[in-house]
Amino acid sequence: MKIVEAKVVVTSPGRNFVTLKLTTDDGLTGLGDATLNGRELAVVSYLEDHVAPLLTGLDPHRIEDTWQYLYRGAYWRRGPVTMAAVAAVDTALWDIKAKAAGMPLYQLLGGASRDRIRAYGHANGATVPELMDSVRARLEEGYQAVRIQTGIPGLKAVYGVHAGVAHQQQRPLVEDWDTEAYLRHLPTVFEAVREEFGPELPLLHDAHHRLTPTQAARLGRDLEPYRPFWLEDCTPAENQEAFRQVRAATTTPLAVGEVFNSVHDYQTLITERLIDYVRSAVTHFGGITPLKKLFDFAALYQIRTATHGPEDISPVGLAAALHLDLAVHNFGIQEYSGHTTLTGEVFRHAYTFADGHLHPGEQPGLGVELDEALAARHPYEQAYLPVNRLQDGSLHDW
Ligand code: CS2
Ligand code: MG
């Protein structure tokens, strides 16, 4: 079997997605998600100009070797653009291999370790009453775990209260931020939600890289009475050692990794057990091949998986995550904010969401088909993620 075509499909059914489609000489096709929110066209060029010419003629069954060829052969290693491109190739090859075997992909990853995949949804509100309504809406949709994000008195916008996806515009939206106001406000939000919904509902929160380790340690401790399921991205993790201070200060579980693209980004965090959940998505971590290795490495330290799954991970990337979620032993929870109806029409998929749980389905391969004609009717639109500025105008992590 040989790859005869490598095609990049860019579409924007409500937000931009980049998809790689590989076709073999016996007509099998495979899909891979290469969406890098706000920098999509960089990955398109990496794939079209540098990778696609190398793929034609390759044996699609040589997944590990192709991954090593694209990772080591580029010389310039790691990084979000490179690893999103490599991820798309890797995922498409797994899709092809599972289709050739006539099996859903999870069967090639060790088979099912569970019957269904617990999901968490996003509950957002500019005010606490609005947040309560959003939590109720997620519970009515069947979610059994929710991430809670709210506006902060005095601030115009806060992470998560906006769509959180790249906005279709020519320049990044500028949002405002005040860490002290946030640190004062968030414990009162958790208290109100616990008061309203009780002690059992798993509540997650994403600090979105905005705190110093000292502030993160303080927040982790202040939230302990409300028993959060986790505090995510509590402080920028380029300096992995910074988490030692947070870990020493609080028993609040910590989740990190959606912006990581290599196991080396995690090495200290995992080997010193400074975190409880790894958050990387197939799309940003170089594919199914390296993510399965990361999950198995994390399992040695009793760290669980919690794959990143917002709307800017396409249904192709989400499906790949679900096959891994079903198979690995140390599954934790799957983020699932869903997609627009139109996105579901462009990317017809076998995965299902019911009663707060997901399942990848039993179709051979990933279980996703791309409607290229419909995709072509929704071309790329310039879009950026917002940026954050403090009250004095200095640039802060968004
Ligand atoms: C967020 C993401 O879902 C999350 O945990 O951190 O929605 C993130 O803001 C986006 O993926 C950025 O593109
Ligand atoms: Mg996050």
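The salt-bridge count comes to 24, where a salt bridge is a side-chain nitrogen of Lys or Arg within 4 Å of a carboxyl oxygen of Asp or Glu. This is a predicted model, in which local features need pLDDT of at least 70, side-chain atom pairs count only at pLDDT 80 or more, and totals for chains, interfaces and linings use all residues. Residues are numbered from 1 along each chain as its sequence is written, chains are lettered from A and ligands numbered from 1 in the order in which they are written, and side-chain values use heavy atoms, with hydrogens and water left out.

**Salt bridges**

- R116 pairs with D355, the closest N and O atoms being 3.0 Å apart. The two sit 239 residues apart, R116 in the loop between α3 (80-101) and β4 (117-125), D355 in the loop between β14 (352-354) and β15 (357-359). Helices (H or I, at least four residues) and strands (E, at least two) are DSSP runs, numbered from the N terminus.
- R116 is partly exposed at 40% relative accessible area, and D355 is partly exposed at 46%. Buried means under 20% relative accessible area, exposed over 50%, partly exposed in between (1.4 Å probe, protein chains only).
- R218 forms a salt bridge with E180, with 3.2 Å between the closest N and O atoms. This pair links helix α6 (residues 213-223), which holds R218, to helix α5 (residues 179-197), which holds E180, 38 residues apart.
- K292 and D296 meet in a salt bridge (2.9 Å, N to O). They lie four residues apart in helix α9 (residues 288-299), so about one helical turn separates them.
- Salt bridges that share partners join R147, D206, E232, E258, R279 and E335 into one network.

**Magnesium site**

- D206 (OD), E232 (OE) and E258 (OE) coordinate the magnesium ion (ligand 2) at 2.1 to 2.2 Å. Donors are N, O and S atoms within 2.8 Å of the metal (3.2 Å for Na, K and Ca); water is not among the atoms, so sites may look incomplete.
- Along the chain, the donors follow the spacing D-x25-E-x25-E. D206 is in strand β7 (residues 203-206) and E232 in strand β8 (residues 230-232), 26 residues apart.
- Both D206 and E232 are buried.

**Strand β17 and its partners**

- Strand β6 (residues 174-177) runs parallel to strand β17 (residues 387-390), joined by four bridges. Two strands pair if DSSP finds at least two bridges between them.
- β17 runs antiparallel to strand β18 (residues 395-396), with two bridges.
- R389 in β17 stands opposite D176 and opposite L395 in β18.
- β17 and β18 form a hairpin with four residues between them, and G393 in the turn has a positive phi of about 95°.
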